[in-house]
Structure formats: structure tokens, C-alpha cells
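Subject: Structure for you to look at

Hello,

Here is the structure I promised to pass on. Please open it next to this message and read along.

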Amino acid sequence: MPTLHLTGPLGTSISVEVSEERDLLGVLRRYGRQGWTSGEIPAGGLSLPLAMADNFDWALIGARAYTSEGGEQAVIYKGQSYKRRELDEVDTKKIKLPKIVKYSRGARPTDPLHLKEGEEGGVQYVTLISFRGGGRVIEAYVDASAAASK
């Protein structure tokens, strides 16, 4: 029987046994909507196909999407707010980069060095997730309510 080890918004840890492997994502969603997380985000953040930028199910990682009073899209993850940033495709003689949608926040002095991106002494960021590339939508990771509203 698979077991999920989760950490709650207040730091509480629990283990949840899941009767069938096919139910894992459903259990993650149920607990994730309450802010429970199942692991740490790797340095540089998660990476998924660009096609998933508007329909990813944030509950899978214990995050919640919201729109700020200023109209900016963001997510709350472990008490931190990550702003949506859209980086246009770059295609020059020197550099070629695809379009990227990423959720990131300004780095704090207390953030571990391996999570910080950008120049030392300059503006640094911590990325939660990046959507890039031409990969296919991973249906299991789609927020059904977001997909239905499109």
C-alpha cells in the first residue's frame, strides 16, 4: 500500500496510506487544497510544458492560485507568494530561448544559496515552477475546473 508523507501549513507532518496507487493524485489534491505538501521543490523549480501554464492543478503541490488587487496572477506556496512572470521568446544570433511562464519571488537573505537565481549582489529570485517548451499536456496534472472554464 503506497504511503504519502505530507507536511501541513503549520509544519505538522503526517503519513497517509493510500489504498490504490491510482488514487495517489486524488489524495494529493485533497490534502493539497488544504496547503499540505508532499516534498521539497528542487533548485530552479519544477519544470512542465508551456501548454500547462494555464491549467496546472496547484493543489498537487499544496499551492493555491489567486489574483492580486492589482490584477497580477500569483500562487501561495508554503506561506510565500510567487508572481507569474512571462518571458518572451528570444531568437538572436547570440542567444535562443523559448517563451517561458514562470512563478517566482524575490530571494530573501534567509533562502538557501542553492535556491537563489540571478547575479550575486544583484536582483535574485527563487523559482517555484517554470512552464516552457513544446511538450504535451500531462492530463493527470490538469485542474479539471480550470480546463472546464476555458
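First, the ground rules. This is a predicted model, in which local features need pLDDT of at least 70 and side-chain atom pairs count only at pLDDT 80 or more, while totals for chains, interfaces and linings use all residues. Residues are numbered from 1 along each chain as its sequence is written, and side-chain values use heavy atoms, with hydrogens and water left out.

**Overall picture**

The protein has two helices and 11 strands; helices (H or I, at least four residues) and strands (E, at least two) are DSSP runs, numbered from the N terminus. Along the sequence they come in the order β-β-α-β-β-β-β-β-β-β-β-β-α. Along the principal axes, the C-alpha atoms fill a box of roughly 55 × 35 × 35 Å. Of the 150 residues, 33% count as buried, where buried means under 20% relative accessible area, exposed over 50% and partly exposed in between (1.4 Å probe, protein chains only). Among contacts (heavy atoms within 4.5 Å) with a separation of 6 or more, 53% are between residues 24 or more positions apart.

S5 (73–77) and S6 (residues 80–87) form a hairpin with two residues between them. These two strands pair in the antiparallel sense over four bridges; two strands count as paired if DSSP finds at least two bridges between them. Val-75 has Tyr-82 in S6 as its bridge partner. S6 also pairs with S9 in the antiparallel sense, over five bridges. There, Arg-84 has Tyr-103 as its partner in S9, and Glu-86 stands opposite Val-101. On to S11: seven bridges join S9 to S11, and the two run antiparallel. S9 is mostly covered, with six of its seven residues buried.

**Core and aromatic rings**

The largest nonpolar core has 28 residues; such a core is a set of buried Ala, Val, Leu, Ile, Met, Phe, Trp, Tyr and Cys residues joined through side-chain atoms within 4.5 Å. Phe-56, Trp-58, Tyr-103, Leu-128, Ile-129 and Phe-131 have the most contacts inside it. S11 supplies the largest share of this core, four residues.

Which of these residues form one aromatic cluster? They are Phe-56, Trp-58, Tyr-103 and Phe-131. A search of the whole structure finds seven aromatic pairs; rings of Phe, Tyr and Trp (its six-membered ring) pair if their centres lie within 6.5 Å, with planes under 30 degrees apart counted as stacked, over 60 as edge-to-face and the rest as tilted. Tyr-31 and Trp-36 have ring centres 6.2 Å apart and planes at 90°, so this pair is edge-to-face. Both Tyr-31 and Trp-36 are buried. Tyr-103 and Phe-131 are also an edge-to-face pair, at 6.4 Å centre to centre and 80° between the planes. That pair links distant parts of the chain, with Tyr-103 in S9 (residues 100–106) and Phe-131 in S11 (residues 124–132), 28 residues apart. Tyr-103 and Phe-131 are both buried. Beyond its neighbours within four places in sequence, Phe-131 is in contact with residues including Leu-48, Pro-49, Met-52, Lys-99 and Ile-100.

**Charged pairs**

The structure holds nine salt bridges, each a side-chain nitrogen of Lys or Arg within 4 Å of a carboxyl oxygen of Asp or Glu. Do have a look at Lys-78, in the loop between S5 and S6. Lys-78 has a positive phi of about 50° although it is not a glycine. Lys-78 is partly exposed, at 42% relative accessibility, and forms a salt bridge with Glu-40, the closest N and O atoms being 3.0 Å apart. The two lie 38 residues apart, with Glu-40 in the loop between H1 and S3. Glu-40 counts as exposed, at 67%.

Lys-102 and Glu-117 meet in another salt bridge (3.5 Å, N to O). Lys-102 is buried, with a relative accessible area of 15%, whereas Glu-117 is partly exposed at 26%. Finally, a network of salt bridges links Asp-54, Arg-84, Glu-86 and Lys-99.

Best wishes
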